Structures are given as C-alpha cells and as structure tokens.
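Biologist: I have just opened this one and would like a guided look at it. Could you take me through it?

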Amino acid sequence: MEYVQLGKSDMKVSRITFGAMELGGGNAFASGAHRWELKPDEENMKLLRTAFEQGVNSFDTAEIYGAGHSEWVVGKALKDIRKDCIIATKVSPHHLRPNDIRMALSQSMFRLDTDYIDLYYIHAPSKDIPIAETMDELNKLKKEGIIRAIGVSNFSLEQLKEAMAYGQIDAIQPEYNLLQRKIEQDLMGFCRENSVSIMSYNSIAKGILTGVFHHGKQVNDFRKERPLFQPESLQITRELIDAMQVIADAKGAALAQIAIHWLFHQPGFTSAIIGTQNEKHFLDNVKAVEIQLSQDEVTQLDLISKKVLEKLG
Ligand SMILES: NC(=O)c1ccc[n+]([C@@H]2O[C@H](COP(=O)([O-])OP(=O)(O)OC[C@H]3O[C@@H](n4cnc5c(N)ncnc54)[C@H](OP(=O)(O)O)[C@@H]3O)[C@@H](O)[C@H]2O)c1
C-alpha cells in the first residue's frame, strides 16, 4: 500500500479509501436508506478488518448513510485499531449551523465510538447557511482537538475558495473517474497548487468501469435508473471498456484496477474512495495500487475517455 499526505495536515492516507456507504445504506434523507441489499453487519465488519489488514487506513462514512448505520458498523469494526485509522465522516447540509454541527458531530462520534474525528467533511454546500458561520464553528472544533482536519464535498471551485477564506481545508471529495472528469477543468489545478487533497468518490462509476455490466450482468438496485447504466450509454462506453480490457489482459489485471490506477496518474490526486460489500471485489480493487500503467497507456485511456465523454454529451 502507498500512503499520501492529507492536505497540509500531519496525516497520511492510503491510496485506497474504504467507502462505507454501501455497507450502511444509502442517503437516508432522500428515501434511500435501503437502496440495495445489505449484507449482515458481521460480514461487513469483517470486510473492514480485511481492508485494514491489506493496508487501508482511510475510511469514509457520513451521518446520512443509512441514517447513521454506516458509522455504527465502522465504529464497531475498527474500535480496537482506532488510533491507526483515519476516519472521515460528513455533516449534512441541513446541520451546518454552529449548534447543529456540534450536535451532529457528537452523534457521529457516539455511533463511531470515538472521541475525535480525523477528517470532518461538509457533505454538500448549503444554500441558506453562510459558509463563514460553518467554518467558524469547524475551526473552533479543530482548535479543541475534536476534529483533526476539515474537508468539503460536492463543492465547486468558487465554493471551495470561499470556504478557504475562513480556514484551512485539507481535502475535497468530488466525483471523479474516467467517465466523470469535470474537476479537471478548474478544481484539480487549484487543489494541487494549494495542497488540498482530492479524495474521489464514484471512482469506478458505481461499477460501470469494472465492465461487468457491458458483459451482460444485470443491475437490480437504484443504479438501474442511472444514465450510465442505460443500454444506449453502455453501447457508447463500450469503446472505453474494450480499450481497458486490452490493457488489463496484457497485465493479467482486472478492469477495476486499470480504472483506479488511472486516477493515481492524475496530478494532485490523493486517494480513491471505493465502496463494496464484496470481499473478492475489494481484493481486486486494492491491487490497483500494485499494477503499473505506462505513459502510453495513460495517454491512450485519456484520449478514449475524452472521445467517449463527447459522445455521451
Ligand atoms: N461525498 C459524496 O457525496 C458521496 C457520494 C457517493 C459516495 N460517496 C462515497 O464514495 C464511496 C463509494 O461509492 P460510490 O457511489 O462512489 O461508488 P463506487 O465506489 O464508484 O462503486 C461502488 C459500487 O461498485 C460495486 N463494485 C465495487 N468494486 C467492484 C468490483 N471490483 N467489481 C464489480 N463491482 C464492484 C459495488 O458493489 P459490490 O458491493 O457488489 O461490490 C458498489 O455497488 C461510498 O461508500 C461513500 O463513502 C460519497
């Protein structure tokens, strides 16, 4: 496993971050608490331990995932190794007023069975609550030693700059993968220049970049409504999957490993957050750190992905 510095903090995170949304349930406030089948908690806790044994020290959850269930599973699984883990959780946009932040944070810590949070993200910007108010409280919590670093998620460049005017932001969590590259237009360069770590979610496009859905696997959860899972999109993205397959075959690698390793070649990129409840999938994904991509292969993937993105419109 490789470890990379988290922003300007004194923490180092593994190149792979374990995304714990999948093993807790979906966005509870969007009627999505059970948008897919949950494996038994014991099995998921075992998987979190396997991740740690494989060198993953970075874990990502949120108060909203399964209405706190994800935090509870993570806390229970990592209890005795807490100090060796970098645990990130997120405060929801409707909790961004100072008193609400304190309350949300203490509840998250209760579920996570910890008295500090390593990386505390604003899950998404609020339209109503001034960022100055939120940052002021987060800065106080940092001074008090209750949180070690502040992060933001789903922020635009302008929103990030505004937040940074009030305090240090060590990480941003945007959507980023070979089929979603908007952050390259502005956020990435700024983050690189200002030492803000990029922790991607949707790193394998919710499974699309593993190729299994191009090869006949049917999706039977919330993803069946997602644009990339529609037959027309699968047909367009097939060109990228085929190119990835040629590269993967030559290395005896899995497609997911190619998709994930490509992220490591992007300047300023820090850690790929990937979610799974499946041990085999996890073990495939974590090997992405070990494979090598030549500069030619990276360029080839870059060009085909851009071509496919243009076709997707
Ligand atoms: N900040 C935000 O707003 C935000 C939003 C969404 C997610 N997240 C974070 O990002 C994490 C990842 O979630 P994501 O939605 O971004 O999805 P993702 O990691 O791109 O993909 C996860 C999906 O892919 C499947 N998968 C994983 N590895 C696979 C493999 N090797 N082969 C086949 N299928 C595989 C998983 O199902 P199986 O269980 O079958 O493997 C799961 O359904 C979440 O846990 C959460 O921590 C953050």
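Predicted model: local features only at pLDDT ≥ 70, side-chain atom pairs only at ≥ 80, totals over all residues.

Biologist: How many helices and strands does the protein have?

Modeller: The protein has ten helices and ten strands, where helices (H or I, at least four residues) and strands (E, at least two) are DSSP runs numbered from the N terminus. Its radius of gyration is 19 Å, close to the 20 Å that the globule rule gives for 313 residues, so the protein is as compact as a globular protein of that length; the radius is taken over C-alpha atoms, and the rule is 2.2 Å times the number of residues to the power 0.38.

Biologist: Which strands close into a barrel, and in what order?

Modeller: Eight strands close into a barrel in the order E3-E4-E5-E6-E7-E8-E9-E10, with parallel pairing, and two strands pair if DSSP finds at least two bridges between them. Strand E3 (residues 16-19) is joined to E10 by four bridges, and Phe-18 has Ile-274 in E10 as its bridge partner.

Biologist: And what about E6, is that strand largely buried or exposed?

Modeller: Six of the six residues of strand E6 (residues 117-122) are buried, so this strand is largely enclosed by the rest of the structure. A residue is buried if 20 or more other C-beta atoms lie within 10 Å of its own, exposed if 12 or fewer, and partly exposed in between, with C-beta atoms placed from the backbone.

Biologist: Switching to the ligand, which residues come nearest?

Modeller: Of the 27 residues around the ligand, Gly-19, Met-21, Gly-207, Gly-275 and Thr-276 come nearest, where near means a C-beta atom, placed from the backbone, within 6 Å. Strand E10 (269-275) and helix H9 (279-286) each supply at least two residues of that shell.

Biologist: Last one: where is Glu-175 found, and what is it in contact with?

Modeller: Glu-175 is found in the loop between strand E8 (171-173) and helix H6 (187-193), and with 16 C-beta neighbours inside 10 Å it counts as partly exposed. Leaving aside neighbours within four places in sequence, Glu-175 is in contact with Gln-180, Tyr-201 and Asn-202, contact meaning that the C-beta atoms, placed from the backbone, lie within 7 Å.

Note on methods. Residues numbered from 1 in each chain as written. Contact = placed C-beta atoms within 7 Å.
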